[in-house]
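Here is a short report on two chains. Read it with the model open beside you.

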Amino acid sequence: MNQLKRWLGIVWIILGPVTIYYLIKTAAEEIAKKPVLDTKIQWAVFIIIFIPIAIGLVIFGYYALKGEYDHLPENSKEI
Amino acid sequence: MTKASSSKTIWQVIAASSVGTLIEWYDFYIFGSLATVIASQFFPKTNPTAALLSTLATFAAGFIVRPFGALVFGRLGDLIGRKYTFLLTLILMGGSTFAIGLVPGYATIGFAAPLLVLLLRLLQGLALGGEYGGAATYVAEHAPANKRGYYTSWIQTTATLGLFLSLGVILITRHYLAADLNTSIQRFNDWGWRIPFWVSILLVGVSIYIRLRMNESPLFAKLKTEGRVSTNPLKESFGNKTNLKMVLLALFGATMGQGVVWYTGQFYAQSFLENVCNIDFDQSRTILIWGILLATPFFVVFGGWSDKIGRKWIMLVGMLLAICTYQPIFKQFVALTEPTGRTELASHRKLLEEKTIVSEKNPADSIRLVTSEVHYSDGAVFKEIKADTLFANTALAGAAHSSIKYKDKKLDTGSYRKLVALIFVLILYVTMVYGPIAAFLVELFPTRIRYTSMSLPYHIGNGVFGGLTPFIATLLTTIYVTDKLSGLWYTIIVAAVCLFIGAIYISNRIDPDVND
């Protein structure tokens with residue numbers, strides 16, 4: 001199981017940038033289709049909010065790859 | 001905790017925490033439920049700046065500000081204590097809500113009106129971001145280890161009951177401002193919408209009184225006496241790798257999926273019934289009210305059950321069921337509200353309005369709109385709007401171009417009951433993912449930084465992933481126009497990723513001691 005957790009870390013590391021790429025690509029297409037202020041704000045908000053979350057996913061993947069989730073802390077002394 | 005609080009005390013703690021949290025949710029929801037009326041009063045579409053402020057009010061308060069509220073008040077809660085922090089969030093929320101009800105409209109004070117509403121809405125978002133973590137932590141730190149899921153699940157009911165209360169107050173106010181329903185609705189749209197905002201101050205007053213009489217959480221009080229309170233909760237929560245990895249796990253393995261399942265079951269479902277299925281305003285709300293009423297006890301059932309079998313699998317099974325059944329359930333929503341398969345009572349058809357307007361596509365053409373009330377043998381009544389294009393070019397006159405839409409659908413009793421049952425199932429999934437989550441989050445983090453650490457993943461999961469669900473889902477339906485159910489893919493994908501991460505990385509262990 002620990003090996004699976006580590007290997008899947010690579011998937012989470014890749015998933016972060018892929019999500020943002022897809023989001024930006026869709027935003028560009030939708031803004032081009034309807035270039036009004038509302039559309040621009042809406043997509044800008046989505047991108048600004050999801051970029052830090054995608055970075056968080058990459059960090060999560062990195063920790064998983066490094067085996068940080070092989071054992072979860074069971075009390076405060078382990079934190 | 002080392003010594004469980006007495007049964008009487010724990011129920012007082014639950015009552016004090018739940019009533020306040022319920023009121024905060026009520027305050028937060030009435031703005032959303034009255035969005036159309038508020039927009040007409042404060043954000044006229046004809047003015048682009050006002051429309052911009054409207055968009056910001058919707059997005060900023062619900063999604064961006066909530067995680068900030070979690071950071072600000074979470075830090076405060078870990079520094080000065082749970083009791084005074086969530087008292088502060090309550091005052092902030094109640095004051096902002098009451099003030100929204102007092103702001104004069106755009107017609108009276110111009111731009112100051114939308115600006116004030118935006119600021120007050122931001123304060124609402126901040127307060128909500130700080131409230132939940134405090135209430136959940138406060139109850140969990142009073143509860144005995146073997147009943148932590150059960151007692152904290154009472155806090156979980158408040159989010160749904162807050163929606164129930166807001167829908168109820170709005171419906172009652174809308175119906176009882178005059179003896180005649182149309183006059184009452186007219187008065188509600190003019191000034192009556194302010195009443196649900198004013199009601200808040202009474203509720204908040206009662207809640208503040210109750211909370212003031214409560215003591216500080218025993219675990220936090222102990223830390224304070226021993227001088228072990230965190231000096232920098234933000235740094236300890238997010239600067240410490242071991243704690244940060246748990247924050248990330250809580251977000252990607254639990255709250256992200258829980259948030260989308262919650263918002264799809266309660267909010268996107270309501271929006272879908274109203275805007276895609278075009279069900280009558282009152283019926284779409286009473287369907288939700290019944291669904292909520294029947295499903296709410298299950299928060300406590302699943303919370304209590306999680307004390308016996310663990311939190312993890314109850315939440316993940318809820319996500320799995322949602323992923324597998326959302327498509328067929330929403331397909332049923334459409335099928336139950338279609339005119340197809342119904343027999344019209346032709347003699348009952350009533351012409352409501354007939355008018356001709358200029359075509360938006362080609363101003364030379366015109367469109368004839370015929371609105372009729374159509375009655376069906378099963379008791380359903382739909383408003384039919386038939387649009388015929390009258391071409392200016394006589395060569396096209398033979399090319400008939402007409403479309404029929406149905407609005408304000410009043411359903412027959414059978415379809416209505418089936419919809420209530422389906423909404424009940426959706427909210428049952430919400431109770432599975434949401435009932436045990438407070439206990440789950442509390443057990444992940446140590447007392448000294450618990451308020452800060454659990455509030456952030458909760459509000460990113462619920463505020464961002466969950467809160468954006470109705471918008472992203474609606475947006476997807478405008479991109480993939482041929483598929484009415486395309487909006488569900490956002491929820492299904494996010495829940496599936498969360499389910500996968502949760503199943504592999506999260507432990508099902510119940511922490512026997514949160515007193516650390």
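Chain A has a radius of gyration of 17 Å, whereas a compact globule of 79 residues would have one near 12 Å. That radius is taken over C-alpha atoms, and the globule rule is 2.2 Å times the number of residues to the power 0.38. This is a predicted model: local features need pLDDT of at least 70, side-chain atom pairs count only at pLDDT 80 or more, and totals for chains, interfaces and linings use all residues. Residues are numbered from 1 along each chain as its sequence is written, and chains are lettered from A and ligands numbered from 1 in the order in which they are written.

**Chain A**

| Property of chain A | Value |
|---|---|
| Span of the C-alpha trace along the principal axes | about 55 × 25 × 15 Å |
| Helices and strands | 2 helices, 0 strands |
| Buried residues | 18% of 79 residues |

Helices (H or I, at least four residues) and strands (E, at least two) are DSSP runs, numbered from the N terminus. A residue is buried if 20 or more other C-beta atoms, placed from the backbone, lie within 10 Å of its own.

**Chain B**

Chain B splits into domain 1 (7-337 + 413-505) and domain 2 (346-410). The bounds come from an automatic or database domain assignment. The C-alpha centres of the two domains of chain B are 40 Å apart. Domain 1 of chain B brings 8 residues to the contact, and domain 2 of chain B brings 8 residues. Two residues are in contact if their C-beta atoms, placed from the backbone, lie within 7 Å. On the domain 1 side, helix α16 (residues 413-434) of chain B gives the most, with 3 residues.

Technical notes. A residue is buried if 20 or more other C-beta atoms lie within 10 Å of its own, exposed if 12 or fewer, and partly exposed in between; C-beta atoms are placed from the backbone.
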